[in-house]
Amino acid sequence: MSDSMAVASSGGSDSTVASSQSMTMYVDIKGAVKNPGLKKVTGDMRVIDAVQLAGGFASNADQKQVNLAQRLTDQQVVFIPKHGETAPPVATGGGGAGASSEAPQVNLNSADLEQLQQLDGVGEKKAQKIIDYRTAKGQFKTIEDIKNVSGFGDKTFERLKPQLAV
């Protein structure tokens, strides 16, 4: 994996690219791959990279059902269905797979400042408020607990609800 990071970072001088590559994340790859399980990935990797880390596709994998170009996110479950098997809907707490690819879920208990800013309408200040609340009060028990954070009312909660996880 270090080879791919060195090749990718040597081609560009953009420091933000290098920092997103170095952010360590984990994905859980399941289904029709040779070595399913938890895989260590970086922020610039795609589903196809996770499949390669899992030893490649099993002979019965149905690649047509999977978006191999999708960017990986921390704590993501990547499911590769077998031929004749339907891929389960992405766990979004509601919306279908289309909705989840537009707005990735963010775990309120583990997301860092950068990940929290991926939420619609959440900038650095609001993201920091979430982290400060988590530090002072402990883990969020439910996604509704975000309404206890200053600046997050009912309307904001309803907008963010599909993107939140605990």
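Me: How much of the protein counts as buried?
Reply: Of the 166 residues in this predicted model, 34% count as buried, where buried means under 20% relative accessible area, exposed means over 50%, and partly exposed lies in between, with a 1.4 Å probe and protein chains only. Because the model is predicted, local features need pLDDT of at least 70 and side-chain atom pairs count only at pLDDT 80 or more, while totals for chains, interfaces and linings use all residues. Residues are numbered from 1 along each chain as its sequence is written, and side-chain values use heavy atoms, with hydrogens and water left out.

Me: OK, and how many helices and strands are there?
Reply: The protein has seven helices and five strands, where helices (H or I, at least four residues) and strands (E, at least two) are DSSP runs numbered from the N terminus.

Me: Which residues are buried in H6?
Reply: In H6, which spans residues 124-137, the buried residues are Ala 127, Ile 130, Ile 131, Tyr 133 and Arg 134.

Me: Why are they on the same side of H6?
Reply: They lie on the same side of H6 because they cover an arc of only 155 degrees around the axis, the arc being that of the directions from the helix axis to the C-beta atoms.

Me: What do they pack against, and what is on the face turned away?
Reply: The buried residues of H6 pack against helix H5 (113-116), whereas the face turned away from the buried side carries the exposed residues Glu 124, Lys 125, Thr 135, Ala 136 and Lys 137.

Me: What comes just after H6?
Reply: Just after H6 there is Gly 138, which takes a positive phi of about 95 degrees.

Conventions
Expected span 1.5 Å × (residues − 1). Contact = heavy atoms within 4.5 Å.
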